[in-house]
Each structure stands twice: as C-alpha cells, then as structure tokens.
Amino acid sequence: VFVVHFLVTRRWREAATAVGTAAAVTVASAVVLPSASWAFWLGALQDSDRLGPNAGTANQSMRGFLLRLGPEGVPGTVLWLLLVAVVGVLGFALARRMYRRGDSVAEVAVVGLLACLLSPVAWVHHYHWVVVVVLALLGTQPWRDRRRLWAGALVCVFFVLRLPWWGIDWLATDWPEWPGRVLQNADVFGGLAALWLLWWVARDAPAAPSPSDGVAGDPAREQVPARPVERAGRTP
C-alpha cells in the first residue's frame, strides 16, 4: 500500500527505492539462507492453512468481516473487491491530500489504516498503526482544538478495549446475537471511523503545493511581482 501511495503522489524515486530494497533484501536472504528461502517461497507461501481460519475474529480486515457475516463464494468476493475499490480510492485520495499539506504523520496514519482494511488478512496486532492515527488526530497543538483532543482520546480508548474479544464472550451467551457481532467486528468499524476522523481533520485545511507538483521551491514556476514600466524622460 505504501508503494501504491508513492505512485499516486508521483514519487517515482521513493516507489522504486521501496521495490528495489525489497527485491535486494529478498535476494540477499536467498544467498545467505538458501534452504530457508526455498522452504518459504516454494512451501510455506503456498500453504494458506498456516494462516489459520481467515473467518476467525482475529482477522479484522474488511474481508474477514465479510467471511463472518457476508455472502459466501463469488458474491462475497465481488462485494469485497467493490469495498476495496471504494475504500482504496477514497483512502489514497485522503493520503495524497495529507501529503500535499505536508502532514507526514497523518499521511502515514491513513496509509497504515488502508493496509489493515484492504488486506485480505489483517490480524488485530496489525492495528498498531492506531498509535500513529492518535498522534495525527491530536496534531501539534491539540489544546487549541478540544475536538481533536477528544477524537484522539476516543480512538485510543476504543482500540485499547479490545472489543472483538468482548464480542466472542457475548456470542457465547444466550443474549441477542447482533450486539455480539458488532463487537466482534469492532476493529473494522473502528478503522473506517478513524479514516473518517482523519478526513474530518483535513477537510477545512487548504492543500499546499507539494514538491512533486513542480511549484514549491521551483524558481521557474514562481510568480514574479510586476514592476512598473519606466517611461523615457521620467525618473523611475
């Protein structure tokens, strides 16, 4: 997702560096530990069962949510792809806006949340990106806007409570099922809500030109103030 973000923001060098680094590390690992690399790429990687049940509560991606409650088979896959497309387009647009504002913390927070929501499998511990989300919501001076302070505190408390496990306990009782299902998928809903809160933070802020747009810091694109035209015989 970060490589996709680099491509969306036209940061070709960063995207190439990320892909090249991953390829170099993979090749170097194969040279140093050839047997382990062989076992992983041609063995473990092909065994999807080693991940455990994707429909389990620990998978808090949108696909995990659909595997638990959505339609099965092809309809479920089509619905998941549609959700990935919608959330992905809106999310990467928001990340691009954060980049243009120069808010690198919020930029990372948005892309980190997309990694959890769009991935086929996102375990609960993958939501460590929430730490960055909280910092992005607070901003540099949260005391100037108590709404940002409350938003950051709300997200922090929400994820610290580990609500999906509350849902498992609820479903083990004879109580109505739907509250337990909501709690069971709480991190998915929380991730989407956190994206909305980050949009709320950025909605009123003007987008500043980014270096990749060829405006900021480019003398050739800067506007030069007009100077009065001097007429012959007159003192300027």
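**Exercise 1. Salt bridges**

In this predicted model, the side chains of Asp145 and Arg147 meet in a salt bridge with an N to O distance of 3.1 Å. Determine how many salt bridges there are, which residues form a network of them, and where Arg181 and Glu177 lie relative to each other.

*Solution.*
Step 1. The cut-off for a salt bridge is 4 Å between a side-chain nitrogen of Lys or Arg and a carboxyl oxygen of Asp or Glu. With this rule the count is 4 salt bridges.
Step 2. The Asp145 and Arg147 pair, at 3.1 Å, is one of them. Asp145 has a relative accessible area of 22%, so this residue is partly exposed.
Step 3. Arg181 and Glu177 form a salt bridge at 2.8 Å, N to O. These two residues are 4 apart in helix 10 (residues 177–184), which means a separation of about one helical turn. Arg181 is partly exposed at 24% relative accessibility, and Glu177 is partly exposed at 46%.
Step 4. The side chains of Arg11 and Glu14 meet at 3.9 Å, N to O. Arg11 is buried, with a relative accessible area of 14%, while Glu14 is partly exposed at 34%.
Step 5. A network of salt bridges links Arg11, Glu14 and Glu107.

**Exercise 2. Aromatic pairs**

Find how many aromatic pairs the whole structure holds, and classify the pair of Phe158 and Phe159 by the angle of the planes.

*Solution.*
Step 1. The search of the whole structure gives 7 aromatic pairs.
Step 2. One of these pairs is Phe2 and Trp129, with 5.6 Å from centre to centre and 40° between the planes, a tilted arrangement. Phe2 belongs to helix 1 (residues 2–8) and Trp129 to the loop between helix 6 (104–118) and helix 7 (130–138); the pair links distant parts of the chain, 127 residues apart. Phe2 is partly exposed at 27% relative accessible area, and Trp129 is partly exposed at 21%.
Step 3. For Phe158 and Phe159 the centres are 5.4 Å apart and the planes stand at 70°, so the pair is edge-to-face. Phe158 counts as partly exposed at 25%, whereas Phe159 counts as buried at 14%.
Step 4. Tyr127, Phe158 and Phe159 are joined into a cluster by ring pairs.

**Exercise 3. The surroundings of Ser61**

Decide whether Ser61 is buried or exposed, and state which residues Ser61 touches beyond four places in sequence.

*Solution.*
Step 1. Ser61 sits in the loop between helix 3 (34–42) and helix 4 (62–69).
Step 2. The relative accessibility of Ser61 is 0%, so Ser61 is buried.
Step 3. Leaving out residues up to four places away in sequence, Ser61 touches Cys116, Leu117, Ser119, Pro120, Val121, Ala122 and Val188.
Step 4. A polar atom of the Ser61 side chain lies 3.0 Å from the backbone oxygen of Pro120.
Step 5. Cys116, among the residues touched by Ser61, is buried at 2% relative accessibility. The count of disulfides is 0.

**Exercise 4. Positive phi**

Locate Arg10 and Arg162, and state the phi of Arg10 and of Arg162.

*Solution.*
Step 1. Most residues other than glycine have a negative phi.
Step 2. Arg10, not a glycine, has a positive phi of about 60°. Arg10 lies in the loop between helix 1 and helix 2 (12–32) and is exposed, with a relative accessible area of 57%.
Step 3. Arg162, also not a glycine, has a positive phi of about 55°. Its place is the loop between helix 8 (146–160) and helix 9 (163–171), and Arg162 is exposed at 51% relative accessibility.

Technical notes:
Residues are numbered from 1 along each chain as its sequence is written. This is a predicted model: local features need pLDDT of at least 70, side-chain atom pairs count only at pLDDT 80 or more; totals for chains, interfaces and linings use all residues. Side-chain values use heavy atoms; hydrogens and water are left out. Buried means under 20% relative accessible area, exposed over 50%, partly exposed in between (1.4 Å probe, protein chains only). A polar contact is a pair of N or O atoms within 3.5 Å; within protein, one must be able to donate a hydrogen and the other to accept it, and residues adjacent in sequence count only if both atoms are side-chain atoms. Contact means heavy atoms within 4.5 Å. Rings of Phe, Tyr and Trp (its six-membered ring) pair if their centres lie within 6.5 Å; planes under 30 degrees apart count as stacked, over 60 as edge-to-face and the rest as tilted. A disulfide is a pair of cysteine sulfur atoms within 2.5 Å.
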